[in-house]
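This report describes one protein model for a reader who is new to structures. Please keep the sequence and the 3D view open while reading.

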Amino acid sequence: MTSVPRGWILGGVVFAVLIALTPRAILRIVQTGDLYLLTDQFFHDIMARLSGPGRLRFIIQPTVAIILGARGGMQDASAGLPPFLWALVFHKEHRRELVRSTLRSIRNLVAIAILLDMVSQYLIFKEVRPGAALVVGPVLIGTPYALSRALTNRLWRWKTRRQPTAHVE
């Protein structure tokens, strides 16, 4: 019998919760006609999340994403890869490996961000909107990760180019 990797368990839990909450969200959209995402209420609710329960995650999660992005950027620079965002857009030959390494690196962090967003929605608003959690969670992690990975790659290359090489005689 094969064991299930721990990373897949967390993703499965998040997926199950999203599936369980989707029918109610669809019913709410049909009844009200309000898609909620990217509306004034959506942005107002994000501001409420910044001051409600779980607000510390808006500091901790991006910080962890920045650290993981920096680690990935140093690995990219050491491997001679172009900066992350540049490579994703303009270097098709590197795109697949960059996406794989990104998913390996932040898969669990994104799952936790989505789950925490749903919990904070319930604690603050007494309702959960799965679509909003699928937007806020990944943006909260993906943006700082991508920027950190790209910037660290550039800085690491610049730093290693400026260091004098050791002379061996």
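The sections below go from the whole model to single residues.

## Basis of the report

The model is predicted, local features need a pLDDT of at least 70, side-chain atom pairs count only at pLDDT 80 or more, and totals for chains, interfaces and linings use all residues. Residues are numbered from 1 along each chain as its sequence is written, and side-chain values use heavy atoms, with hydrogens and water left out.

## Confidence

The term pLDDT is the predictor's confidence in each residue, from 0 to 100. The average for the protein is 86, and 93% of the residues score at least 70. Among the elements, helix H3 has the highest mean pLDDT (91) and helix H4 (residues 84-90) the lowest (86). Over residues 165-169 the pLDDT is below 50, and beyond near neighbours in sequence this stretch has zero contacts in the model; a contact means heavy atoms within 4.5 Å. Where pLDDT is low, the predicted coordinates should not be read in detail.

## Overall form

The protein has six helices and zero strands. Both are DSSP runs numbered from the N terminus: helices are H or I with at least four residues, strands E with at least two. Along the sequence the pattern is α-α-α-α-α-α.

The C-alpha trace spans about 80 × 45 × 30 Å along its principal axes. The radius of gyration is 20 Å, whereas a compact globule of 169 residues would have one near 15 Å. This radius is taken over C-alpha atoms, and the globule rule is 2.2 Å times the number of residues to the power 0.38. Among contacts between residues at least 6 apart in sequence, 77% join residues at least 24 apart.

Buried residues make up 35% of the 169 residues. Buried means under 20% relative accessible area, exposed means over 50%, and partly exposed lies in between (1.4 Å probe, protein chains only).

## Helix H3

The buried residues of H3 include Arg 57, Gln 61, Ala 65 and Leu 68. An α-helix has 3.6 residues a turn, so residues three or four places apart point the same way. Just after H3, Gly 80 takes a positive phi of about 80 degrees.

Asp 117 is found in helix H5 (residues 92-125). Asp 117 counts as buried because its relative accessibility is 0%. Its side chain makes a polar contact with the side chain of Arg 49 at 3.1 Å. A polar contact is a pair of N or O atoms within 3.5 Å; within protein, one must be able to donate a hydrogen and the other to accept it, and residues adjacent in sequence count only if both atoms are side-chain atoms. Leaving out residues up to four places away in sequence, Asp 117 touches Arg 49, Arg 57, Ala 132, Ala 133 and Val 136.

Ala 113 is also found in H5 and is buried, with a relative accessible area of 0%. With the same exclusion of residues up to four places away, Ala 113 touches Arg 57, Gln 61, Gly 137 and Ile 141.

## Two loop residues

Leu 38 is found in the loop between helix H1 (6-32) and helix H2 (40-51). Its phi is near 60 degrees, a positive value in a residue other than glycine. Leu 38 counts as exposed, at 64% relative accessibility.

Lys 126 is found in the loop between H5 and helix H6 (130-162). Lys 126 has a positive phi of about 60 degrees although it is not a glycine, and at 59% relative accessibility it counts as exposed.
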